[in-house]
Amino acid sequence: MPTKLGYVCTDINLVRLTDNQLVALFTELLGNDQVIAFASLKSHLHDRIVQSLTPDSLPPACVIYPQSIDELSKAIALAYEHRLRVLPCGNATKLDWGGLVSRADVVISTAQLNQVIEHCVGDLTVTVQAGVKYQDLQAILAKEGQFLAIDPPYETDATIGGILATGSAGSLRHRYNSVRDMCLGIEFVRSDGEVVKAGGRVVKNVAGYDLMKLLTSSYGTLGIASTITFRLYPLPEFTQIALVTGTADEIAQLQQQISKSVLTPTACDLLSASVITKLGLGEGVGLVVQFSSLKVSVIEQGDRIASLAKALNLQVQIIDAVSDFWRSLNNLIWQRELRNAAQSMSNHVVCKLGILPSSSVSLVEQCEKIFSNQEYYLQVHAGSGLGLLRVENSQDIDEQLAQVRTIAEAQSGFLTILEAPQNLKFNSILSDVWGYRGNARDLMIKIQQQFDPRGLFSPARLF
C-alpha cells in the first residue's frame with residue numbers, strides 16, 4: 001500500500017502512517033461500520049473522489065462516516081493530531097467542483113448526520129444536520145405548507161451541508177436571493193476539532209460575527225458544517241410558467257420590459273436556442289418566466305407576459321407542469337444519471353458564469369458562434385446575470401472557454417469551471433478554474449490561514 005503523509009508524534013521524530021494504519025486508527029475511534037477503505041468503495045464514489053484530486057495525488061486511505069457531531073469532532077481532532085489532509089463531503093454530488101485538491105489522506109462525510117433538529121413552523125425556520133438530503137427536507141416541510149427556497153443541482157442526492165459549502169442555488173434566486181441569504185445560523189467543526197457556533201435560530205438575529213456568509217461557498221476549506229438553520233417560506237397557492245421564444249433581439253426587448261415592470265416573477269431564465277430545441281419547445285432563444293402566488297395573480301401576470309410577447313411577435317407557451325419542466329431542464333444541464341453511471345469516463349464541461357444582466361442576450365448570441373459545431377447548452381438567470389454553460393468536451397475546448405471567459409470579464413463578470421475532466425482542470429490554458437480577478441485574494445488567504453493554519457482542509461482547492 002502507498003504511504004500517507006500522516007504522522008505519529010514522538011519525542012524523537014515523526015513516524016509515517018500507512019493506509020492500513022490510518023484505517024485502523026479511525027476504526028478504533030468510530031468502529032468498523034463507519035470507516036470504509038478506499039479500495040472497498042463503490043465505483044461511483046471512488047471515481048468522484050479521484051476526479052477531485054490532482055493527477056499526481058495518492059488516493060485517500062479511507063472514507064469516514066461519523067454518526068454524531070461528537071464523533072465528527074473527534075475524527076477531525078484525530079486528523080489534526082496526525083496532520084492528516086482531510087477532504088470533506090456530504091454525498092459527494094459536487095465533490096469534484098472547482099479546484100482540484102492537492103492531497104487527501106482521508107475523506108470525512110457528513111452523510112450520516114441526517115437529523116432534522118427543529119422545525120419552528122410559526123417562525124418559518126428549520127434547523128438540520130448537514131447530512132440531511134435536500135429532497136427529504138422539502139418533503140418534511142411541505143407537510144406544514146412550507147419550503148426551503150433553494151433549487152440546487154442533483155436535488156435527489158444533494159445534502160444541505162454540500163449545498164451550503166458550494167453555495168449552489170438555482171433559478172429561485174431571482175426572487176429569494178442566494179444560499180447565504182437563507183442561512184440564519186451555523187454550527188461547524190474547525191480543523192482542530194473544536195465545535196463553533198454562529199448566528200441563531202430566528203430570522204431577526206444580530207448575535208456574533210456573520211460566519212454563515214463566510215462558510216457559504218467556502219468549498220470545505222474553512223470548516224465542516226454540522227448543523228445549519230435556514231429561513232423558510234410558505235408554499236405558494238399556484239405556480240405557472242410562461243415560456244417565450246423568438247429572436248435574440250426581441251427576447252432582449254422583452255427582458256428589459258419585464259425588468260422595468262411591476263411583474264413579480266419567482267424565476268426568469270434566458271435559454272439558448274440549443275436548449276429550446278433539445279427540449280422540443282420550439283425554435284429560437286427562450287425566456288422562462290415563472291410566477292408563484294395566488295392563482296388569480298399568477299394567471300393575470302402570465303396574461304401580461306403573453307401580451308408583451310405578442311406585441312414583439314414572439315411565441316408564448318403557458319406551462320402548468322412546472323416541476324416536469326424544471327426537471328427536464330436540470331437533467332439537460334447536469335445529466336445526473338449519465339454522470340453517476342460513468343464518472344470516470346465523463347467528457348463534458350459545466351461552467352458557472354456571471355455577466356451583467358443587460359449583456360446576457362449578447363452572451364447567448366456569441367456562444368452560438370463559439371460553439372456552432374458542437375453540443376452545448378446555456379442557461380442564464382436574467383435578474384442576476386449568473387448562469388450555467390454545459391459543453392461536450394472537444395479538442396478546442398480550452399480556447400473556446402477562454403473566449404467565453406474573456407467576454408464575461410469584459411462585462412465585469414467571470415467564468416468558473418465546475419465539472420470537467422481532471423486533465424483539463426490540471427493542464428488548462430485557463431490556468432485558474434475559478435477565474436477570479438478581484439482584489440480580495442490576499443485577504444481570503446489570510447482568513448483561510450486563521451481558520452486552518454495547518455492547511456488540512458481541502459488543500460489547494462481555492463488557492
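**Model.** I am working from a predicted model, in which local features need pLDDT of at least 70 and side-chain atom pairs count only at pLDDT 80 or more, while totals for chains, interfaces and linings use all residues. Residues are numbered from 1 along each chain as its sequence is written, and side-chain values use heavy atoms, with hydrogens and water left out.

**Sheet.** I looked up the strand order (strands being DSSP runs of E, at least two residues, and helices runs of H or I, at least four, numbered from the N terminus) and found an open sheet of 5 strands, β7-β8-β12-β10-β11, with antiparallel pairing; two strands pair if DSSP finds at least two bridges between them. At the edges I noted β7 (116-120) and β11 (195-199), each of which pairs on one side only. From one strand to the next the twist averages 10°, with axes fitted as lines to C-alpha atoms, for helices over the stretch in contact, and angles running from 0 to 180 degrees between N-to-C directions.

Between β10 (residues 183-189) and β12 (residues 224-231) I found 6 bridges, and G185 has T229 in β12 as its bridge partner. Helix α3 (residues 69-81) packs on the sheet, where α3 touches β8 (125-129), β10, β11 and β12, and its direction makes about 140° with that of β12; contact means heavy atoms within 4.5 Å.
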